[in-house]
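Hi everyone, thanks for making time.

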Protein chains: 2
Amino acid sequence: MKATVLHGARDIRLDDVPHPVLSTGGDAIVRVVAACVCGSDLWPYRGITPTTEPKRIGHEFVGIVEEVGADVAKIRVGDFVIAPFYDCDMTCANCLNGVSTSCLNGGWWGADDRSGAFADAGQGEFVRVPHADGSLVATPGQPDDALVPSLLALSDVMGTGHHAAVSAGVTAGSSVVVVGDGAVGLCAIIAAKRLGATRIVAMSRHADRQALAVEFGATDVVAERGAEGIERIKAMFDGIGADCVLECVGTQESMDQAIRSARPGGMVGYVGVPNGGAELPIRLLFGTNVGVNGGVASVRNYIEELLPEVLAGTLNPGRVFDLELPLSEVAEAYAAMDERRAVKVLLRP
Amino acid sequence: MKATVLHGARDIRLDDVPHPVLSTGGDAIVRVVAACVCGSDLWPYRGITPTTEPKRIGHEFVGIVEEVGADVAKIRVGDFVIAPFYDCDMTCANCLNGVSTSCLNGGWWGADDRSGAFADAGQGEFVRVPHADGSLVATPGQPDDALVPSLLALSDVMGTGHHAAVSAGVTAGSSVVVVGDGAVGLCAIIAAKRLGATRIVAMSRHADRQALAVEFGATDVVAERGAEGIERIKAMFDGIGADCVLECVGTQESMDQAIRSARPGGMVGYVGVPNGGAELPIRLLFGTNVGVNGGVASVRNYIEELLPEVLAGTLNPGRVFDLELPLSEVAEAYAAMDERRAVKVLLRP
């Protein structure tokens, strides 16, 4: 079969790889209907995370179940399924606590699972899913093709934006600032509005993303960054800042922006994968009672909550995909995102 | 009048100082009935925070109102009042948000207030309180003298322990670990039990404090620290750690202990004044979804909630005082706490 392999900085190829084979009893083979490129895929693509040997890549996909192991009880051949960006069993203590990204038995796409068998990455034709009954969520019946982008968004960006909002404690009446206008930041706006925030500020400098942010529910747009951006935010909220700030980038600058945009006693919900050397400034946080909560988003735990709204057409996170390409053009997909010609690219095998 | 003055490391004296005078209209003069020494007073006492010039000290007191300014509306001469460990107006945006330690108009005892007038420190005979109607809470009638220690605990340690528990999200059924067995840690145990925690682990190595911890509601005591302590905590809670960890010390070691004792998705509520150079480890927090929330506790906002239970005798944080001395023996009070001969010393002018 064909699958995407990162060979080195900006050297991404669609290679011939072995077709996956069931091996553990609890696994399934999924034929990928749609996959996509994540902002976090750009770190190794750009060489910021070095690639020492060819590596399968991609962690967001939806598809049709082709085969299931003998122990699979819930997922059936022919199901249309959404996979989260990681494998999990949904039965361990952490999964039951709602933190399936810390699954005691799960793992990551494109790596060996705990049984020693390889779990394929998402940007390919087929994926072996180690814990099929845990990881996969089947839709009721076959969804309309027009829903595929929004269903695919449940595998990562929508659930991750939702996690930022939940972690920051967004509730009815909250004032919210979203730092980051990528796919996750835009989904965080959707999530904040859905949870009842009455004022949502999108921090964005790109006209197309600003427009989408407003469409998703942003009430204000702030283009300034750094000290100037913080001053503008404070001025908007009683001179003290917003209740909740959703950090959706992962750089030192964006986290600093987030912490200083929160009012005393406010909360930063962060989902940007931390890059850069800085740790969190405890004295500033202590003095202002700004809390920091979040991390690698347990999107699997959110799929059941969000799926009905996607199927009903009331939740449309698929709008963040602004380019669709065949899997054969995966190199162009990466280039388009790297060069900021696209917010997020959907790939069809 | 007499008031405590820190002259340098371990040089604490009861000096003659000017009697306070009303100056702003909204202020009051309080005759101190009881004050106490805080663990945080030991930082400058020990010279860890250097003292460059003689400085008035003490931030916890209860007393009787002797005089009020012309603009004071709620507090009356003769009231028995509890003061929080800071001055606040309870009318600004931060106070109304429940974060009175970030009061836009308040200040600290033993320092000039925003009008330029001096607010006396607490370990003395009298204190000028700049925002009397904001800072002070009057009891209904004159309380029994036996209640004075518990009322005094509302000025800092009880509210601070409560803030740790609230910040960590302790609720009915929570599993809780308390790091630190000083007065604040012990009050955090009271708070956790009061909020419905079903299992409360006190991390303590001192037999007398362990006994008080159990009396206050601790279900388990762990004497080990560091990696060994973390392993014991994890083993007690499904191998993953506790829901909520209350950090009540403020050192790098205690914060590390707290973060690593929390389960994935758990929350650290911290109130220990940060000492030492370490910032918060964002990658560890991100990977485990452990949140960190808390800071300088807005105890003024908690007094109304806790006071009725103290007056009813069902909340007894005054038990943390294990030594009572006349104010004239303030030097011995500091020495006793410095040498760990006392958990917390109550002073009577």
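Let's start with helix H5 (residues 157-167) of chain B, which packs with helix H6 (residues 183-194) of chain B at an angle of about 60 degrees, their axes 7 Å apart. Helices here are DSSP runs of H or I with at least four residues, numbered from the N terminus. Axes are lines fitted to C-alpha atoms, for helices over the stretch in contact, and angles run from 0 to 180 degrees between N-to-C directions. H5(B) and H6(B) are therefore oblique to each other; under 35 degrees counts as roughly parallel, over 145 as roughly antiparallel, 65 to 115 as roughly perpendicular and the rest as oblique.

This is a predicted model: local features need pLDDT of at least 70 and side-chain atom pairs 80 or more, while totals for chains, interfaces and linings use all residues. Residues are numbered from 1 along each chain as its sequence is written, with chains lettered from A and ligands numbered from 1 in written order.

Which residues meet? From H5(B) they include B:Val157 and B:Met158, and from H6(B) they include B:Ala183 and B:Val184; contact means C-beta atoms, placed from the backbone, within 7 Å.

Now to chain A, divided into domain 1 (2-156 + 298-348) and domain 2 (159-294), with bounds from an automatic or database domain assignment. Their C-alpha centres lie 27 Å apart. Here 16 residues of domain 1 of chain A are in contact with 13 residues of domain 2 of chain A. On the domain 1 side, helix H11 (residues 300-311) of chain A gives the largest share, 3 residues.

Key: Contact = placed C-beta atoms within 7 Å. Helix = DSSP H or I, 4+ residues; strand = E, 2+ residues; numbered from the N terminus.
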